[in-house]
Amino acid sequence: MNINFLIKAQFDLLLNHLELFSKELESATIISANYYSLPAYDKEQEHTAPDKIIVNEITGDEALKKIIFSFNDLFLESGKSGKVLARHPGIVLVEDKFKHLQNRINSINIEKSKFKELILSIPNNDARFEAVHSAVPNLITLAAYRKIHCESDSPFSVRFSWMKKHATKTLTKDAALEMLDRSSKYSNPRAIDQDSWLKAVETEKLRVQSLQSDSKLRIRRPTRVTPEVNIRFTATNRYHVSGALPFIMLNPSKKLKVGSLPDYDASVSDPRKREYNFLVDRIYLEKKE
């Protein structure tokens, strides 16, 4: 069967579940709703990670509208960045005595997983891109993959924080040297003269060459900070999930403590931050322990 047809059919099924979920959430008994609006990124800003992010908290009916919209925010708008996905942190506390919403969320996540598996079954990246955007024009594929997180037990607290993640890649000594060789052929990638650039790369190569031939290396490149939801039951029973979409708290206890998402400031030290001793700072290359 044609892959474009399968993609379109699976996406339509997912979209149908999302539309039903939106209507069910609109008519549900909402205890509270909080949405944390973040600055939008345009195409000119997509290559620069911000040092500060100002959060605008919205509550009540307006928050619920934005929360419902966020689950359906799957398409690229004109002028907006397609590389930096819009993030929609928030939390809604809602009664769900008969588990209608919980079952709907489970169904949505199943269909999202099926959609992702179908896309990733196409082995070639270019063919994958062509198939997706031919079947569903302007779709932000990663936005469609995003899981909706919910909790139906009674945690002690639900709080928000900012998480700095890393994109990791493991490579051999030879592969690292090959990468540095390619760097030496670049033309003045920094605000220094070409001779200084070549000397800097040669110094980096010497550091890598000094390692044993079987050394394992890793690039740990930092990515943009992202909102995180932290769910705590006890000091030892806790977990965290992505805050890219609003968190759904089902049948919350009256004693539940709910936090808010603070502004982000890169200059403020994170007690969880680990110090890295990179072999090559420029490309975040370290020796794998």
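Predicted model: local features only at pLDDT ≥ 70, side-chain atom pairs only at ≥ 80, totals over all residues.

Colleague: Okay, why does K205 count as buried?

Modeller: K205 has 11% relative accessibility, which falls under the buried cut-off, so buried is the word. E202 comes in at 38% and falls in the middle band, so that one is partly exposed.

Colleague: What makes K205 and E202 a salt bridge?

Modeller: The rule asks for a side-chain nitrogen of Lys or Arg within 4 Å of a carboxyl oxygen of Asp or Glu. For K205 and E202 the closest N and O atoms are 3.4 Å apart, so the pair passes. Side chains of opposite charge can pair when their charged atoms come close. E202 and K205 are also linked with D181 in a network of salt bridges.

Colleague: How many salt bridges does that rule give?

Modeller: The count comes to 6. Among them is K8 with D12, whose closest N and O atoms are 2.8 Å apart. R182 with E178 is another, at 3.5 Å.

Colleague: How do you know that K8 and D12 are about one helical turn apart?

Modeller: Both sit in helix α1 (residues 3-27), and they are 4 residues apart, which means about one turn. Helices here are DSSP runs (H or I, at least four residues), strands are E runs of at least two, and both are numbered from the N terminus. R182 and E178 are also 4 residues apart, in helix α6 (residues 173-184), so about one turn separates them too. K205 and E202 are 3 residues apart in helix α7 (residues 194-209), again about one turn.

Colleague: And how are K8 and D12 classed by accessibility, buried or exposed or in between?

Modeller: In between: K8 is at 35% and D12 is at 35%, so both are partly exposed. R182 at 41% and E178 at 48% get that label as well.

Colleague: Over to R104, then. What makes R104 buried?

Modeller: Its relative accessible area is 17%, below the cut-off, so R104 is called buried. R104 lies in helix α3 (residues 100-120). Its contacts, meaning heavy atoms within 4.5 Å, are H17, L20, F21 and E24, not counting residues up to four places away in sequence. Other buried residues of α3 include I105, N109 and K112. The buried residues of α3 pack against α1, β4, α4, α5, β5 and β9.

Colleague: Why is something called a nonpolar core?

Modeller: The name goes to a set of buried Ala, Val, Leu, Ile, Met, Phe, Trp, Tyr and Cys residues joined through side-chain atoms within 4.5 Å. The largest one has 38 residues, and I7, F21, F71, I148 and I248 have the most contacts inside it. Elements that each supply at least two of its residues include α1, α2 (60-71), α3 and β9 (247-250). A second, separate core of 20 residues includes W162, V225, V241 and M249.

Colleague: Which residues does F71 touch?

Modeller: Leaving aside neighbours within four places in sequence, F71 is in contact with L18, F21, L25, I148, L245, P246 and I248.

Colleague: One last thing: what makes K99 stand out in its phi?

Modeller: K99 has a positive phi of about 60 degrees although it is not a glycine. K99 sits in the loop between β4 (90-94) and α3, and its 47% relative accessibility makes it partly exposed. N138 also has a positive phi, about 65 degrees, without being a glycine, and is found in the loop between α4 (125-135) and α5 (141-145).

Note on methods
Residues numbered from 1 in each chain as written. Heavy atoms only, no water. Buried < 20%, exposed > 50% of the residue type's maximum accessible area, 1.4 Å probe, protein only.
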